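Please walk through the model below with attention to its ligand and its metal site.

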Amino acid sequence: MKEKTTEQTERFNGLFRQLVSEMTQIEKINVLLIEKMLMEMCALFRLSKTETYLYNSLEDEKQGKGERLSCHDTGEGERVLFFRIVTSILTVATTAVYMKPDVRPLSDEERSMVALVMRTVLHFVSRNRFKRVIERLAFYDDAGYRNLRSLQNYNRNVFIEGRHNSLVVVRYNLRHFSMINRDLGRKAADAVLWNHYKLVEEKAGKDGIVCRLDGDNFVAVCRKEKLDGLLACLDEANIIYDEKEGKTIGVSTSTGVYVIPDSFTYDTHDEIIRNRVFHSYLESMNGKQGHVVFFDENLSRRREKIVRVQQVFPEALRKKEFFAVYQPKYNIKTGKIIGAEALCRWRHNGALVVPGEFIPALEESNDICSLDFYMLANVCRDIRRWLDEGRNIVRISVNLSRRHMIHRNLLEDVIKIIDEYKVPHHYIEFECTETTTDVEFSVLQGIVSGMHKLGISMAVDDYGVGYSSLNLLRGIPWNAVKIDRSILPLNEEDAISRQLTVVLKHVIGVIKEIGMECVVEGVETQYQLDLLRQMDCDVVQGYIYDRPLTVEDFEKRMQTNC
Ligand code: C2E
Ligand code: MG
Ligand code: MG
C-alpha cells in the first residue's frame, strides 16, 4: 500500500510539474496536451467526471448561463470537491470533480493533491478565457462599438506588422442625428446608429477599423483604395431601422479626411488620429467646403500656427504686446468724425501682426475674452486721458467676441473696467457679430438690453456675412447695425454688383425704418460713397476716409475733424 502511494505521488508530482509548465507557456499553449494530462490525473485519482463552468457575470451564474468545459466525463457520480472564484471584473469560474460511489474515496492526501490541480486549472481557465471578456471591456464601449483604445491598438498593430502605408483616417459625425432621435425615438435611432456603423465597418474593409469616440462621432481608418466607397457611404446611405417593416432613413455625415503620408512614424500616426483628424473635422463643420474636408499639409500648417499663437498668447498679453489702433467713422452728410472703432494689433518679435492672424486662434478658447477686456481697458485709458486733456472726443467702439455670450458676469465685468477709468458710458460702444442659434439669441438679447440700460451703445457687426437674420434686428434693442463690406457693390456694371445694390438698398431701408443707426464698413471708392449717400446711409468707415490710425494720428484727426 505504501509503495502504491509513493508511486501515485511520484506520478502526480511528475504530471503536476508538467501541467504547470504547459499552462504557463508564454508562446503557445498546447490545449490538447493539457487535456491529456488532466485525463491522466482523473484516472490517477479514480474520478468519474470533471466539470468547469465560466460565467461572464454573477447574473449569468444565477441564471445558469455559463460555458461548460470538461476533459473527462464517464457519467454521473457524487460531487466530491468544488471551487469557485469571482474575478475582479465580476466574472465567475467554478470547477467540480465527481466520483462514482463504488470506488475507493479520496484519502486526505489525495484530496489535497486533487484540490491543488483544481485550483490551478481554475486560475488557468479563468485567466485565459476571461481575457476575451476583458478585451471586450477594454476595446468596446457599453453599446458594443469599438472605442478609441481599439483604434490605438489597431494603430500599434499596423506599425508592428508594417501595414501602415496607404492608410486614410476619416473622422465623421452623423448630420442631424438629434433630429433622428427626436423623430424616430431612442430605440430606432440606436438602430440607425448601429446599422450605419456596421455599414461603414463593411466599407472600411477587413484591414480597416471604425471606432466610436462619443455620441454620434466616429473615426474610421481604411486603405486608400477603400476611400471612395467609404466616402460615398458617408455622403448618403439608406439605413434600416425597422427590420420587420423594412423602414429606412437617409443618413449623411460631416466628414474630415486625412491621407496619412507614408513617411509618418508611429507617434505622428497616433497624433493624427487623436488630434489632427479632430481638427479637420472641426473645419468640416464650418461647412465651407461641403460635407467632406480633406485635411492636408496646408491645413496642418495652419493648425500649427494656431497652436503657436495659443501657446505664446498669455506671455504676450503679460508683456502688453497688444495695442489699439483707431479707425474713424464718418457722418456721410457732414464729413465729420462721429466715432471710431478700436482694432487690435500685436507687436510680436519686432513684427506687426494683424487680427486675422491671431483672433481666430484666440476665439477657440476664452483667451479672446482676456484680449477684449485688455483692449477695453486700453481704450478707456485713452479716453480718460483725452478727457483730462480737454479734447473734443467721440464714442469709441470695442469689438466683443461671441465667446463672451456665455459669461454670466459680462455686464459687471465690463462696467468695472469702464468705471475704473471713470469713463462716461456713452463714450463706449460694443460691436458684436450676429449669432445664429436660439440659445445665443436669447442670451444676446439679455446682454444688449442690459448694456442699453447702462447707457452703453451696442452695434451688430458684420451684418450680411452670415445668415443676416431679420429676427436679430427685430428682437434686440441695437443702437446701430454695421453692414459688412462683402455686400458693398464694386461698380454698376457686373451682375453681382447689380444684385448687391438691390440687397444693400433694402437692408439699409430696413435698418433705418426700424430706427437704428446704419453704418457701412469697408468703403473704399468714391462710387461706393456716392451710392451710400443716395441710399441715405448714416455713417461710413473705410479706407476712403481713413485706414486704422495709430493713437497719435487719431488724436490729430479728432482735433481737426470732429
Ligand atoms: P471688424 O470688427 O469687422 O473690423 C473691420 C475690419 O475691416 C478691420 O480689419 C479694418 O481694418 C478693416 N477695414 C476697415 N476699412 C476697410 C476698407 O476700406 N477695406 C478693407 N479691405 N478693410 C477695411 P482688422 O483690423 O484686420 O480686423 C479684422 C477683424 O478682427 C475685425 O473685424 C474684428 O472682427 C476682429 N478684431 C479686431 N480687433 C479685435 C478685438 O480687439 N477684439 C475682437 N474680439 N475682435 C477684434
Ligand atoms: Mg468690428
Ligand atoms: Mg465688421
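In this predicted model, a polar side-chain atom of Asp461 lies 2.9 Å from an oxygen atom of ligand 1, a polar contact being a pair of N or O atoms within 3.5 Å. A side-chain N or O atom of Arg485 is 2.5 Å from a nitrogen atom of ligand 1, while Tyr543 places a backbone N or O atom 2.8 Å from an oxygen atom of ligand 1. Taken alone, ligand 1 exposes 790 Å², of which the protein buries 83% (Shrake-Rupley areas, 1.4 Å probe).

Asp461 also coordinates both the magnesium ion (ligand 2) and the magnesium ion (ligand 3), which are 4.0 Å apart. For ligand 2 the protein donors (N, O and S atoms within 2.8 Å of the metal, or 3.2 Å for Na, K and Ca; water is not among the atoms, so sites may look incomplete) are Glu341, Asn399, Glu431 and Asp461, at 2.0 to 2.3 Å. Asn399 lies in strand 15 and Glu431 in strand 16, so this pair ties together parts that are 32 residues apart in sequence (strands are DSSP runs of E, at least two residues, numbered from the N terminus). Glu431 is buried, with a relative accessible area of 1%, whereas Asn399 is partly exposed, at 23%; buried means under 20%, exposed over 50% and partly exposed in between, with a 1.4 Å probe and protein chains only.

Residues are numbered from 1 along each chain as its sequence is written, and chains are lettered from A and ligands numbered from 1 in the order in which they are written. Because this is a predicted model, local features need pLDDT of at least 70 and side-chain atom pairs count only at pLDDT 80 or more, whereas totals for chains, interfaces and linings use all residues, and side-chain values use heavy atoms, with hydrogens and water left out.

Methods. Helices (H or I, at least four residues) and strands (E, at least two) are DSSP runs, numbered from the N terminus. A polar contact is a pair of N or O atoms within 3.5 Å; within protein, one must be able to donate a hydrogen and the other to accept it, and residues adjacent in sequence count only if both atoms are side-chain atoms.
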